[in-house]
Every structure is written in structure tokens, then in C-alpha cells.
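Dear colleague,

Please find below the structure that I am handing over to you. I would ask you to look through it first and then to read the notes that follow.

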Amino acid sequence: PAPVSPLCPLPLQICVSKCPDRYLTYLTAYGNAASLEYYRNFCTPEFKNTRKAPLEVLKDRECPAMLIPSTPLARRCFPAIQAKKGVIMVGNETTYDDGQGRRRNVTELLEGAKKANVVLETRQLAMKIFEDYTVSWYWIIIGLVIAMVASLIFIVLLRFLAGIMVWVMIVMVILVLGYGIFHCYMEYAKLKGEAGSDVSLTDLGFQTDLRVYLHLRQTWLAFLIILCVLELIIVLLLIFLRKRILIAIALIKEASRAVGHVMSSLLFPLCTFFLLCLCIAYWASTAVFLSTSNEAVYKVFNDSACPFSGQTCKPETFNTSNVTKLCPDAQCLFAFYGGETAYHKYLIVLQFFNVFMFFWLANFVIALGQVTLAGAFASYYWAFKKPDDMPAFPLFSAFGRALRYHTGSLAFGSLVLAIVQVIRVTLEYLDHRLKAAENKFAKFLLSCLKCCFWCLEKFIKFLNRNAYIMIAIYGTNFCTSARNAFFLLMRNIIRVAVLDKVTDFLFFLGKLLIVGSVGILAFFFFTQRIKLVQDTAPPLNYYWVPILTVIVGSYLIAHGFFSVYGMCVDTLFLCFLEDLERNDGSAEKPYFMSQNLRKLLKKTNKGQPDA
């Protein structure tokens, strides 16, 4: 077979049984029966008429204009380039006939050979990487399992160590700032009396060598004042926010208990990931279908005046049409890839709609996962006797409620976010197209719009997340839930800020600990530096291949676990705020929060036993 590219009427590849082993042009072979029979091995299968004029054969692209001695490599024929005493040769020749009666130097073939070598080297690299995966895949899986177990253990330990880790972090920050103040004072005192150290920053001016500023007393005095102000601010915040920090720690511990009672929630991200893969597959297949639904359009090209110039034509019937009779020098050549129907004209609109649908479906899947987890953890919080009052299968119950009652709310919230994301993609596309433009005002305006819509997307994601939690708790529509969640958080903005920063720190510490420890273990194992298992480690071409795979996989696993935990913390926090505002501890309106939270807030349930 001779595969033909739709972008060009030429056969770009022809399958042959053997690569050519000699220099030969079609014009030379045409006058010799034996040479022509050999030449036919490298022509298209449709070439049958050996008596056809050479110009017609070459014009119809049935045979190549010339053959070059080649060697097979990776199922391709490449020029047999070799160097003898510093002279580049192909098939023991330094020149060749280009098929048009001209002699060319073989060095002109080097550029094409170099580009081919890049492809071959890339292919060899890919093969070596694939070999590394084949001998190390089970060790990679073991590393990922270790990361999963470590993530689970870290979440369980947060119930006991969250408070210790947060307070150790706060004390460490205070001590580091204290040492910075001490160091700045010592440097300031050491420079006293030294020549040139009393020059002011304004007199010195701007210097490209920043080390010059370190020899000025005023520089260290400025550092000292800045660090003292930061230290004072942190100490004051610690004094005034100590109770809110304790509440945040208590909520994190409570979230660890909730995850322990709904262990199936840790596997739920796999369901979300599977649905997202379906969305990506649908978008990709649709995009490929739309991209390949174009057709190759051929038009008449000619050197002299011709009434048919620019008209569409068909290469199969062009030689037998009236065009060649009226315009002998006319050719039916590829013009562009597309079409001239209404469908082809609006193809870009369909691609744009496909991208929009991808964002909408992906956001809907994420929203479904969030409202399901929120419903499961809310059932834990609002159970007066935990966990006895919880449903038997809280996660499946929440998933069923989300599909049955809340699909409209989830679709609307996803739609709002998808619109903003599509606008951002459009702005990025325009920015890419305007990179070469010299209009600075347009660039500035585009940058401002990109920044504004980035902030808007972050805000909508934050609002949607909390709206989905309120939907899971009360079952209200999206707009009502978003409004209630927003004003509830605004009434407790300081608590929101403290809890957000505390959880961010713990998640960062957890990811760093898990990914770092598993990555170091993988490095020592695959580089055969662990003597106990030195003989067990597989031989590798590139040891960084399994190590990077383990590190990336560990991060994704830790991120999946902590995303569930983060959703649990946010859900319990909103439930906690609702509990404080709607209930007063009386027999009719008892608090649903845990006993530890009630003790911390000095709240009691009158006439009710403690949960």
C-alpha cells in the first residue's frame, strides 16, 4: 500500500520490500528495461503503464524523480551517509543526479538526515522508558500503596497531633523571627564605627550589587524594625485569636473522627476521577471528529492565463477533463484542508461549543462529588448521638439524594463557573494571538481582564463549594444556598480566615511529608543504595523514570485524600456555624456539636445528655 496524506496529493510513504541500493533517476531508467523494472519497486501500486511519458509519470506523482542509496532503520529508508577521510559520501559518491539533469552535493542530504535522527533518538528514548516501566511497574505500585497508607495514617493521626503541629508551627515562627531580630541587632552593632557604614540609603541611591546595602547600618536597622513589627503583630494576633485557633484545631480533630466513621469517602475520589475521564474522552473524541470532518479541497493552478484558474477540481478525473485541453499547463493541486459548505464554515463555532460543554460537564462532575461528600459528613455532624444516629450508608445515601433532588442546582452552579472559564480560555487565546502586536494599551487591557476573570473564577469556586454544602444540608436551590453560605461566612470572617490558614498549613505539611518520604525511599531503592534490598532493585536505563512516577503518583494520592479531608473540614465548619446561630442548647434546640467543641465554647445542652 502507498499511504497518501490528505494534506498533499503526493504519496508521502510507500511500503517497499527493500531500500534502494543505487543512484537512479526516472529519466535514466526509462530508457532501460531492466532499470525501469527495478524502479517500479518504488512507484505507487497504481503505476502499470511503463510506456507512459516520464513527464506525465512525474506530473501524476506515480514514481519518485530519483532514488538514493539508503539503509533500513526503524522501518524507514534513510540515505546511507558515511564519512571517509573527512569526506561525506552516500553510496561511495559525493554527488548525485537530482532527476532534473543537475548534479548536487550529498551534503544537502545531511539536514534531512539530522531531522530524522531527532525522531529516531526520541523513539529510542521512549523505548528505553517503556522498558524501565516493564521491569519496575510492580515496585511503582508498591510505592503508591505506601503513599496511600501514609496518607491514611496521617489523617488518622491528625485527631491526636493536629494541636501539637499547629502550636509547634506557631512557636517556630516566633522563634525564627526572634532570631532574625537578634541577628539584625548584632549586625547593626558590629557596623558601628566602621568607615562608610553610616551612609544613608537615600544618599547611596540604587545599586545593582545588593551586597553593598549589607554594609550599611541603616539597612540592618530597617530589617530590625520590620521584624519587630511582624513579631508584635503575630504575638497580638495570637493573643486575640487564641480561642479561634483552638476552635479550628478542634474542628480538624472532629473532621478526622468523621472521616473515620465514613471511611468509604476516601475512595470516592476514584469515582469522580472515572467520571472526569469519561468527560475528557467525550470532549477529545468529539474534537477529533470535528477536526477530521474536513475534506481536502483541490483547485486548478496554472502559469498562463486560464478561465478555470482557482476553481475546485478532482485529481482522479482532472487529466480526462476539458481543463487540460483548454489549459495544457494547468494542474489540480491541493489548496487547503476544510470545506466550503455551511457546516465547514461554522466548524470553529462547534469546536467552541465542545470546549464549553467540556467545562460544564467537568464542573458538574466535581460538584456532584462535593455535594455527595458534604451530605455524608453533614449526616455525621447532625447526628445527635454519633455515630448511632447516622444512616447505614451515609455516602451512598448522599449520592442518591444528589442525583435525585439536586442535579438542577449542580448544573446551574457548574454553568456559571463554565461560562467564566470559557471567557478565560478566550482571553488566553487572544493574548497568544496578540503577542506579536505592538499595541501596549491592548496588552494592558487584556492583562487586566485576565487578572479580573482569574479572581472571579477563584471567588465563584469558593462560593460554589460552600453553596453545595448548604444544598447538602438543607436541600435548598443553588441561589438560596449560595446567598445563605456567603452571608454566614461573612458573619464569621475571622473564624473562616483562621481555619483556612490552619488547614492549609496542615495539608501542606502532610503532602510534603508523604511525597518527600516516599520519594526519598524510592530514590534509595531504585539507585540500589539500600543494602538489604540491593539485589531486588531492577536494572534500569534511567532510574529517574520510576522515581518521578512514584513522586507524582504519591502527590496525586495525597491530594485525593486531603481533598476529601478538606471537604469534611469545610462541611463541619458550616454546620458548626449554623449550629451556633440556630440552636441555644435548650431542650427544644440542643447543640449538635461534639462535647469537646461545647466545652471549648462553654456551651451546654440543658435537659439533654451529652453527645
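**A residue inside helix α4**

Ser-151 is part of helix α4, which covers residues 110–190. The model is a predicted one, and every value in this message was computed from it. Is Ser-151 buried or exposed? Its relative accessibility is 0%, and residues under 20% count as buried, so Ser-151 is classed as buried. Setting aside residues up to four places away in sequence, Ser-151 touches Ile-514, Ile-557, Ala-558 and Phe-561.

**The chain as a whole**

The chain has 611 residues, of which 36% count as buried. Its secondary structure consists of 18 helices and eleven strands. Among contacts in the chain with a separation of 6 or more, 67% are between residues 24 or more positions apart.

As to confidence, the mean pLDDT of the chain is 82, and 88% of the residues reach 70 or more. Where is confidence lowest, and where is it highest? The lowest mean, 66, belongs to strand β6 (residues 87–90), and the highest, 93, belongs to helix α15 (residues 478–490). Please note also that the pLDDT is below 50 over residues 1–12, a stretch that has 25 contacts in the model beyond near neighbours in sequence.

Ile-247 is found in helix α6, which spans residues 217–261. With a relative accessible area of 4%, Ile-247 is buried. Which residues is Ile-247 in contact with, leaving aside its neighbours within four places in sequence? They are Arg-495, Phe-576, Leu-597, Leu-600 and Leu-601.

Lys-602 has a positive phi of about 60°, although it is not a glycine.

Helix α14 (residues 440–474) and helix α15 have axes that come within 8 Å and cross at roughly 105°. Angles of 65 to 115 degrees count as roughly perpendicular, and the two helices are therefore described as roughly perpendicular to each other. On the side of α14, the residues making the contact include Phe-459, Phe-462, Leu-463 and Tyr-468. On the side of α15, they include Phe-478, Ala-482, Phe-486 and Leu-489. How many residues of each class take part in the contact of α14 with α15? There are twelve nonpolar, four polar and no charged residues.

**The cysteines**

The structure holds two disulfides. One of them joins Cys-43 to Cys-63, with an S to S distance of 1.9 Å. This link is right-handed, with 115° about the S-S bond. What does the pair tie together? Cys-43 lies in the loop between α2 (33–39) and α3 (54–59), and Cys-63 lies in the loop between α3 and β2 (66–67), so the bond connects parts that are 20 residues apart in sequence. Cys-43 and Cys-63 are both buried.

The other disulfide is formed by Cys-313 and Cys-332, whose sulfur atoms are 2.1 Å apart. The link of Cys-313 and Cys-332 is likewise right-handed, with 105° about the S-S bond. Cys-313 belongs to strand β10 (residues 312–313) and Cys-332 to strand β11 (residues 331–338), so this pair ties together parts that are 19 residues apart in sequence. Both Cys-313 and Cys-332 are buried.

Cys-448 is partly exposed, with a relative accessible area of 30%. Cys-15, by contrast, counts as exposed, at 54% relative accessibility.

With kind regards

Technical notes: Residues are numbered from 1 along each chain as its sequence is written. This is a predicted model: local features need pLDDT of at least 70, side-chain atom pairs count only at pLDDT 80 or more; totals for chains, interfaces and linings use all residues. Side-chain values use heavy atoms; hydrogens and water are left out. A disulfide is a pair of cysteine sulfur atoms within 2.5 Å. Helices (H or I, at least four residues) and strands (E, at least two) are DSSP runs, numbered from the N terminus. Buried means under 20% relative accessible area, exposed over 50%, partly exposed in between (1.4 Å probe, protein chains only). pLDDT is the predictor's confidence in each residue, from 0 to 100. Contact means heavy atoms within 4.5 Å. Axes are lines fitted to C-alpha atoms, for helices over the stretch in contact, and angles run from 0 to 180 degrees between N-to-C directions. Angles under 35 degrees count as roughly parallel, over 145 as roughly antiparallel, 65 to 115 as roughly perpendicular and the rest as oblique. Ala, Val, Leu, Ile, Met, Phe, Trp, Tyr, Cys and Pro count as nonpolar, Asp, Glu, Lys and Arg as charged, and the others, Gly among them, as polar.
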